[in-house]
Amino acid sequence: MKFPLLSATALVATLALVPLSTGAMAAVDTGAYREMERFMDVYNRVKGDYVDKVTDDQLIKGAIDGMLAALDPHSSYVDASDYENLRIQTEGNYGGLGLTVSMEDGAVKVIAPQEDSPAWRAGIKSGDYITHIDGKLIYGGTLDEAVSQMRGKPGSKLAITIVRPGRDKPMEVALTREIIIQRPVKWEVKGDVGYININTFSETTGADTRGAVMAIEKSLGRRPLGYVVDLRANGGGLLTQAIEVSDVFLEGGEIVSQRGRGKNDIERYYAKPGDLTHGLPVIVLTDSGTASASEIVAGAIQDHHRGLVMGERTFGKGSVQTLLQLGPTTALRLTTARYYTPSGRSVQEGGIEPDIRVPQLSDADYKSRPVFREADLRRHLINEVKADDKILEEDTKDDPRFTATPDALKKQGVEDFQLWYALKTIARLGGPTQVAAVTSSMKKDLAAK
């Protein structure tokens, strides 16, 4: 089994490991054998003299993890529990809270809550730290242990303690586990604007996006004014699905190129002739949680001038991981290439800068909450293409268009300012009536909650 996987994080521990390929073994020389002798000397000393008895399995797994810690943060050894988590991420459903988390210096950090999940409804946000589960401190444990404690029988209750940077006191959040259904694509009609929310790139995302476009046209009985494609908090997934989704909106041309270690190790992926959305206006919504496969879609649409990217700068993960099967329930998740947008840009570290920067004004913490991106990860890959410093700079100047407070927006019926701004931008093509229809639709959604 070998397939490309693009994801900023997973529902599993971000372990680290070592390439075990034919090419790597061919490169072994006498110097490497001497190093292996040194390794075995340490191994035998630990096995014989450590204060507690340790097993071969403990030492070998620890050696693999330590060896691969020298690589980038996205390469990892996938054992049985990790393998099941990866399967869930791309295929299945589970009982839990709907959180994507990672480990940072012994602490469990929230990458993103899944929309409509218990965690999302409770107001848990990207960048939050989980310190306790049911009153028990989880700091210093493994990510697998924390994930296992958060999952469980639907209907069962638990409490988690959240530390949010910028807040003085921890927050205690009571939650009830639910069946978390992996719905990669959701769609709605707002006025005469089609809204497509893509939250992950799993096995059916491409087909579901095509289905959403057709369903929007059927619902309206005609073509919409345009589309808003929401990729916020989408940590990525399968490369094949990123290509399929991009193809929905493009008439043709290159979508992405994948470049490995050698100069000639390049693969290019192209859109098939025909734009399923008939060239209608497209706005792609992004934020700091838009990563990897999501950045491929945003970059392709931006480079082909097919639509506008709106929101905030993306995560900046420009690497490809290949899942190499080792055994029935074990695999090697190895970074094998970097990817580039059609114009030859690498998004590694810098991310994709929006054409129109729109802050999330409806989030009361958006100014004080720290932003977490690829460049913050230890041992992240360095962008080989020298980046323009302007791309890496944050615009700290206040835009006079974006001064409303969360309370003022809520009174107007706006709970998601970025989405409202994007919908309104396309709705203007239909005149004041369409702008009013979009606003009315969002007010109804807020009242329904």
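Helix α7, spanning residues 205–220, lies across β11, β12 (193–198) and β13 (226–230), and runs at about 20 degrees to β11. This description, like the rest of the report, concerns a predicted model.

The strands that α7 lies across are β11, β12 and β13, and these belong to an open sheet of six strands. The order in that sheet is β11-β12-β13-β17-β18-β21, with mixed pairing. Its edge strands are β11 (185–190) and β21 (356–357), each of which pairs on one side only. Within the sheet, β17 (residues 282–286) and β18 (residues 308–311) run parallel and are joined by four bridges. Leu285 stands opposite Met310 of β18.

## The chain as a whole

The protein chain has 13 helices and 21 strands. Of its 449 residues, 50% count as buried. Among contacts with a separation of 6 or more, 74% are between residues 24 or more positions apart.

## Packing of α7 against α8

Two packed helices are described by the angle between their axes and the distance between the axes. The axes of α7 and helix α8 (residues 239–249) come within 8 Å and cross at roughly 20 degrees. Angles under 35 degrees count as roughly parallel, so α7 is roughly parallel to α8. The crossing of α7 and α8 is right-handed.

On the α7 side, the contact is made by Thr205, Gly206, Ala207, Thr209, Arg210 and Val213. On the α8 side, the residues are Gln241, Glu244, Val245, Val248 and Phe249. By class, this contact has five nonpolar, four polar and two charged residues.

## Packing of α8 against α9

Helix α8 also packs with α9, at an angle of about 25 degrees and with the axes 9 Å apart. That angle makes α8 roughly parallel to α9. The crossing of α8 and α9 is right-handed.

From α8, the contact uses Leu239, Ala242, Val245, Ser246 and Phe249. From α9, Ala293, Ile296, Val297, Ala300 and Ile301 take part. The residues of this contact divide into nine nonpolar, one polar and no charged. Val245 and Phe249 of α8 are listed in the contact with α7 and also in the contact with α9.

## The enclosed helix α9

Helix α9 covers residues 293–303, and eleven of its eleven residues are buried, so the helix is largely enclosed by the rest of the structure. The buried residues include Ala293, Ile296, Val297, Ala300 and Ile301, which are the α9 residues in the contact with α8. Just after α9, His305 takes a positive phi of about 55 degrees.

## Strand β20 and its partners

Strand β20 (residues 330–340) has ten buried residues out of eleven, so β20 is largely enclosed by the rest of the structure. Bridges join β20 to β2, to β15 and to β19.

Strand β2 (residues 76–78) runs antiparallel to β20 and is joined to it by three bridges; Val78 has Ala331 of β20 as its bridge partner. Strand β15 (residues 253–259) is likewise antiparallel to β20, with three bridges between them, and Ser257 is the bridge partner of Tyr340 in β20. Strand β19 (residues 319–327) is joined to β20 by eight bridges, again antiparallel. Leu324 stands opposite Leu332 of β20. A hairpin connects β19 to β20 through two residues.

## Ser117 in its loop

Ser117 lies in the loop between β5 (107–113) and α5 (118–121). Its relative accessibility is 3%. Residues under 20% count as buried, so Ser117 is in the buried class. Leaving aside residues up to four places away in sequence, Ser117 touches Leu97, Gly98 and Ile180.

Note on methods: Residues are numbered from 1 along each chain as its sequence is written. This is a predicted model: local features need pLDDT of at least 70, side-chain atom pairs count only at pLDDT 80 or more; totals for chains, interfaces and linings use all residues. Side-chain values use heavy atoms; hydrogens and water are left out. Two strands pair if DSSP finds at least two bridges between them. Contact means heavy atoms within 4.5 Å. Axes are lines fitted to C-alpha atoms, for helices over the stretch in contact, and angles run from 0 to 180 degrees between N-to-C directions. Buried means under 20% relative accessible area, exposed over 50%, partly exposed in between (1.4 Å probe, protein chains only). Angles under 35 degrees count as roughly parallel, over 145 as roughly antiparallel, 65 to 115 as roughly perpendicular and the rest as oblique. A crossing is left-handed if the near helix is turned anticlockwise from the far one by less than a right angle, and right-handed if clockwise. Ala, Val, Leu, Ile, Met, Phe, Trp, Tyr, Cys and Pro count as nonpolar, Asp, Glu, Lys and Arg as charged, and the others, Gly among them, as polar.
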